[in-house]
Amino acid sequence: MTQLIYLDNAATTFPKPRSVIEAMCETYQRVGVSPGRGSYDLSSEAQSLVEQTRGKIARFFGAPDPERVVFAANATDALNLAIQGIVQPGDHVVSTTLEHNSVLRPLAHLQAAGVIGYDLVPFDDRGFIDPDNIENAIRPNTRLVVVTQASNVMGTIQPIEAIGRRCSEKGVCLLVDTAQSAGLVPLDMTAWHVGAVAFTGHKALCGPTGIGGLVVHPDVDIQPTRFGGTGVDSKSLVHTGTYPHRLEAGTLNLMGIIGLSHGLDHIGAEGVGSILAREAGLAGQLCRGLRAIDSIRIFGEPEAADHVGLVTVTMKDKHPQDLADILDGDFGIAVRAGLHCAPLVHIAMGSYPDGGVRFSPGPFSTAGDIDAAIAAMAAIARF
Amino acid sequence: MTDAGPSRPMSGHPNRKVREIDGRRIVFDGKGFMRHPEDWSEAVARHLAEESGLPELNQTHWQVIQFMRDYYFYHGRAPMNRDLKSGLNMTLMALEALFPGGIREGARRVAGLPNPKSCAG
């Protein structure tokens with residue numbers, strides 16, 4: 001065993017493209033001051049980098065206003081900003097059982113606090129949400145629908161455009177979690193009637209950890225839930241009301257923003273469609289190999305169209321955590337075991353509470369890596 | 001099997017249980033891992049092993065248990081996968097097969113190490 005085979009890119013892409021790391025370090029070394037807080041040129045230059053990145057993000061998601069690109073720590077942070085800032089006492093929220101705890105826990109918290117009620121729409125046998133079921137769950141007091149664009153367990157790409165149309169017809173804001181899809185699957189906020197998009201930089205966007213954000217459509221208003229310095233209007237004790245400062249407080253993660261910007265450049269050069277096709281192809285190769293092993297159960301149909309490149313499995317009589325430990329210790333293959341912070345998916349798939357093992361190829365995975373993973377799983381099953 | 005009293009929820013900690021094994025009151029978490037590895041004894045190990053479907057611990061089992069405990073108390077954490085493989089001179093496949101509960105819920109639990117704080121549960 002000489003080199004790690006990293007198949008946990010759905011958790012975070014690793015390694016990052018060398019061009020991203022090098023450009024991030026070089027730029028930060030040169031311009032790493034507090035952006036927009038000082039009157040000196042270097043601060044203005046740092047602020048320009050921030051604004052350029054807002055513009056890239058807005059174009060990437062088809063958002064009309066770059067000033068409504070708000071930086072956050074990650075998708076979970078952005079989802080909290082959106083959910084807690086949109087709902088009001090007495091509101092109802094519709095979401096799905098496919099969601100990550102980054103959605104489920106804020107909703108559960110708000111319900112426990114007596115602020116909202118919510119309903120979760122189940123997914124079908126293949127892991128897809130039916131837009132009709134979303135529409136049918138909407139009540140007169142529903143203010144928000146929250147849906148993931150790609151499941152982090154099933155890999156299924158959800159029909160966001162159709163869901164957006166239904167939400168628009170009902171006058172309800174659609175918030176989309178793109179943690180698993182941004183950089184792999186296109187999304188057009190304006191054309192698809194999406195009210196807000198939460199994204200993270202460290203997955204398929206190939207940026208570093210610690211940077212993500214929320215993109216807010218001009219038709220949607222989000223109340224701030226954290227307050228502090230914004231670098232503007234300092235005389236006021238009331239938090240700045242204009243975007244993006246409305247939802248940002250404190251010095252921005254400039255290093256992360258620079259890395260995100262270079263990650264977007266990398267994605268743009270590669271092409272979202274070709275990256276997805278390549279990773280989905282590797283997932284298909286993995287599925288074909290694993291289906292030949294009797295003791296393995298594959299969740300859904302990851303090799304089918306409308307899937308990002310990830311495959312979740314269980315092996316008969318093997319605890320998923322032990323299976324992952326064996327893959328790492330004996331074969332040098334890094335995967336993610338457990339519930340993947342999506343417990344309701346595993347309940348629906350009958351794999352709760354132990355969960356499963358998720359293989360997720362990334363930008364630097366090869367067909368040889370997948371062959372090695374198949375051979376390792378076959379060896380474990382035979383042992 | 002050594003004497004074991006009934007399992008009781010721990011006041012103020014609904015996910016913890018206190019059990020009396022071999023005359024000791026031992027705190028376990030909701031998944032049956034010991035909260036305090038220093039409460040462990042060989043008698044406790046034999047009891048936990050028997051509960052897991054392993055009526056007798058052989059020399060290899062004891063080597064695994066002792067390695068895990070020595071490593072834990074020396075390094076302040078459980079051995080990583082590569083440490084287990086090199087330290088025990090056996091594959092993790094073999095280690096997994098050695099204990100009915102496997103590596104984490106078998107060997108680690110019988111060795112009295114705390115529950116690994118991963119996203120598994």
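With 18 C-beta neighbours inside 10 Å, A:Tyr28 counts as partly exposed, where a residue is buried if 20 or more other C-beta atoms lie within 10 Å of its own, exposed if 12 or fewer, and partly exposed in between, the C-beta atoms being placed from the backbone. This is a predicted model, in which local features need pLDDT of at least 70 and side-chain atom pairs count only at pLDDT 80 or more, while totals for chains, interfaces and linings use all residues. Residues are numbered from 1 along each chain as its sequence is written, and chains are lettered from A and ligands numbered from 1 in the order in which they are written.

A:Tyr28 sits in helix H1 (residues 18–31) of chain A; helices (H or I, at least four residues) and strands (E, at least two) are DSSP runs, numbered from the N terminus. When neighbours within four places in sequence are left aside, A:Tyr28 is in contact with A:Leu254, A:Met255 and A:Ile258, two residues being in contact if their C-beta atoms, placed from the backbone, lie within 7 Å. Between A:Tyr28 and A:Gly289, which are 261 residues apart along the chain, the C-alpha atoms are separated by 44 Å.

The domain assignment divides chain A into domain 1 (5–16 + 271–382) and domain 2 (18–269), with bounds that come from an automatic or database domain assignment. Taken over C-alpha atoms, the centres of domain 1 of chain A and domain 2 of chain A are separated by 27 Å. Across the boundary, 25 residues of domain 1 of chain A are in contact with 32 residues of domain 2 of chain A. On the side of domain 1 of chain A that touches domain 2 of chain A, the elements giving two or more residues are H8 and helix H10 (343–349) of chain A, and H8(A) gives the most, with four residues.

The largest nonpolar core has 138 residues, and those with the most contacts inside it are A:Ala82 and A:Leu214; such a core is a set of buried Ala, Val, Leu, Ile, Met, Phe, Trp, Tyr and Cys residues joined through C-beta atoms within 7 Å. Its largest share, eight residues, comes from helix H8 (residues 272–290) of chain A, and the core draws at least three residues from each of domain 1 and domain 2 of chain A. Neighbours within four places in sequence aside, A:Ala82 is in contact with A:Leu175, A:Ala196, A:Ala198, A:Leu214 and A:Ile222.

| Helix pair | Axis distance | Angle |
|---|---|---|
| H8(A) and H11(A) | within 9 Å | roughly 25° |
| H9(A) and H3(B) | 8 Å | about 60° |
| H2(B) and H3(B) | 11 Å | about 130° |

Angles under 35 degrees count as roughly parallel, over 145 as roughly antiparallel, 65 to 115 as roughly perpendicular and the rest as oblique. H8(A) and H11(A) are therefore roughly parallel to each other, and their crossing is right-handed, a crossing being left-handed if the near helix is turned anticlockwise from the far one by less than a right angle, and right-handed if clockwise. In this pair A:Leu282, A:Gln285, A:Leu286, A:Gly289 and A:Leu290 of H8(A) meet A:Ala367, A:Ile370, A:Ala373, A:Ile374 and A:Met377 of H11(A).

Helix H9 (residues 320–331) of chain A packs with helix H3 (residues 81–88) of chain B at an angle of about 60°, which makes H9(A) oblique to H3(B). H9(A) passes H3(B) in a right-handed crossing, and the contact is made by A:Asp325, A:Asp328, A:Gly329 and A:Asp330 of H9(A) together with B:Asn81, B:Arg82, B:Leu84 and B:Lys85 of H3(B).

Within chain B, helix H2 (residues 59–75) packs with H3(B) at an angle of about 130°, which makes H2(B) oblique to H3(B). B:Val64, B:Phe67 and B:Tyr71 of H2(B) make the contact with B:Asp83, B:Gly87 and B:Leu88 of H3(B).

Chain B holds five helices and three strands, in the order β-β-β-α-α-α-α-α along the sequence, and buried residues make up 31% of its 121 residues. B:Gly106, in helix H5 (residues 103–110) of chain B, counts as buried with 25 C-beta neighbours inside 10 Å. Not counting residues up to four places away in sequence, B:Gly106 touches B:Ser52, B:Phe99, B:Pro100 and B:Gly101.

Technical notes. Axes fitted to C-alpha atoms, helices over the stretch in contact; angles between N-to-C directions.
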